[in-house]
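I opened my notebook to look up how the parts of this protein sit against each other. Here is the structure I worked from.

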Amino acid sequence: MITKIMKAKGQLPEDEEVMKEAKRIIDSGGLVAIPTETVYGLAGNALDPTSSKKIYAAKGRPSDNPLIVHIADTDDLSVIAQNIPDTAYKLAEKFWPGPLTMILSKTEAVPKETTGGLDTVAVRMPSDRIASEFIKICGPFIAAPSANASGRPSCTTAKHVVEDLNGKIELVIDGGEVGIGLESTIVDLTGRIPCLLRPGFISREDLERITGPIDVDPAVYNKNKPDTAPKAPGMKYRHYAPEGELTVVDGPHESVIIYINEKCGEASVSGKRCAVLATSENLKAYSADMIFDMGSRENINAVSHNLFSCLRKCDENGADIIFSEAFEPEGLGEALMNRLLKASGNRVVKL
Ligand code: TXA
Ligand code: MG
């Protein structure tokens with residue numbers, strides 16, 4: 001299969017050709033990668049089991065890992081979800097369109113192939129203009145996991161998507177770099193108390209302002225007991241991972257720098273290529289084969305935005321060993337640290 005790449009702007013009538021082509025593909029059961037405000041998504045018709053199966057195949061994703069259904073209109077919620085609690089509407093009013101995914105009880109309309117066999121469905125309404133246009137024209141129910149090959153860092157540019165899925169999908173809509181760079185916040189509303197399954201740009205504190213206190217799934221910090229499955233099946237897999245061995249180093253800045261430099265020195269003696277993911281403030285303090293700038297520690301949004309592309313650069317440059325600085329797990333920092341922990345397989349050194 002030849003993967004076509006078409007640029008879009010997020011406004012009609014300029015995007016008419018792209019959207020026409022996208023609709024033709026989605027209607028015939030094919031797959032289209034689209035930008036969203038979080039990361040690129042791999043879109044198919046959420047109500048068509050064959051299309052969902054194709055998504056799993058293209059990503060190399062285990063079929064028990066459910067897909068998020070994307071909508072463009074809150075009125076469409078009742079077609080795919082039932083017993084919707086008031087909290088869901090309150091959260092939708094505050095955060096939709098935007099980077100929030102809610103887990104609700106599913107209706108018959110949603111095939112089990114889309115929900116990985118579960119009776120619940122994940123729903124999100126993206127705010128990105130291209131995504132929204134796409135859902136209105138090609139939807140209204142679009143299944144879209146992140147558009148990376150399973151296990152790899154999510155894609156924040158169309159180029160990343162092509163790296164992972166070239167020849168496996170019909171079309172990539174190139175809308176430039178995404179804004180946020182980390183996947184949506186996921187909250188499960190099927191229990192008595194809302195439960196955070198994946199932290200994201202909308203922080204736990206943002207949610208609690210609307211819902212009151214919420215629970216946090218232990219899998220968020222890899223603290224689930226070995227015999228209990230995380231509630232978001234995707235959280236059990238090693239995720240967002242570069243090919244090199246990533247270690248997160250936490251502690252006072254000076255000690256972190258000394259530790260990483262020492263380890264990079266040892267690695268280079270044994271012929272290994274070492275990469276450091278550093279904040280701008282500390283760039284000059286490191287000595288390693290490659291040093292990637294994640295952005296200023298003062299700007300956690302920028303660091304979050306850059307994380308996945310930095311991890312991909314480590315792969316492109318053949319890093320065998322990677323060290324990253326750590327961040328305060330508060331606000332967006334909670335999402336950033338969650339991704340770093342998953343990417344490192346929970347390999348953290350505390351100094
Ligand atoms: O920002 C995002 O959410 C992006 C963009 C493309 O919208 N999508 C995304 O999808 O991150 P994905 O498939 O990479 O991650 C979805 C996560 C997985 O961990 C999956 O297990 C979980 O959501 N999930 C999906 N449906 C679920 C359900 N019914 N119950 C619990 N977890 C669910
Ligand atoms: Mg993903």
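**Ground rules.** This is a predicted model, where local features need pLDDT of at least 70, side-chain atom pairs count only at pLDDT 80 or more, and totals for chains, interfaces and linings use all residues. Residues are numbered from 1 along each chain as its sequence is written, chains are lettered from A and ligands numbered from 1 in the order in which they are written, and side-chain values use heavy atoms, with hydrogens and water left out.

**Entry 1: the domains.** I looked up the domain assignment and found domain 1 (4-181) and domain 2 (245-350). Such bounds come from an automatic or database domain assignment. I then checked the C-alpha centres of domain 1 and domain 2, which lie 30 Å apart.

**Entry 2: where the domains touch.** How many residues of domain 1 are in contact with domain 2? I found 16, and they meet eight residues of domain 2. Contact here means heavy atoms within 4.5 Å. The area buried between domain 1 and domain 2 is about 940 Å². Buried area is the accessible area (1.4 Å probe) that two parts lose on being put together, summed over both. Carbon and sulfur atoms give 47% of the area between these domains.

**Entry 3: charges between the domains.** I noted that side chains of opposite charge can pair when their charged atoms come close. Between domain 1 and domain 2 I read off four salt bridges. A salt bridge is a side-chain nitrogen of Lys or Arg within 4 Å of a carboxyl oxygen of Asp or Glu. I also looked up one pair, D315 and R152, whose side chains meet in a salt bridge at 2.7 Å, N to O.

**Entry 4: H305.** I found H305 in helix α9 (residues 300-316). Helices are DSSP runs (H or I, at least four residues) and strands are too (E, at least two), numbered from the N terminus. Is H305 buried or exposed? H305 is buried, at a relative accessible area of 15%. The scale is: buried under 20% relative accessible area, exposed over 50%, partly exposed in between (1.4 Å probe, protein chains only). Leaving out residues up to four places away in sequence, H305 touches T156, E177, V178, G179, I180 and G181.

Entry 5: I picked out E316 and K159, with closest N and O atoms 3.9 Å apart. This pair links distant parts of the chain: E316 is in helix α9, K159 is in helix α6 (residues 158-165), and they are 157 residues apart. K159 is exposed, at 53% relative accessibility.

Next I took R204 and E334, a salt bridge with closest N and O atoms 2.6 Å apart. R204 lies in helix α7 (residues 204-211) and E334 in helix α10 (residues 332-343), so the pair ties together parts 130 residues apart in sequence. R204 is partly exposed at 27%, while E334 is buried at 2%.

D250 is partly exposed at 27%, and K350 is exposed at 66%.

**Entry 6: a network.** Which residues are joined into one network by salt bridges that share partners? I listed R152, K159, E163, D164, R312, D315 and E316.
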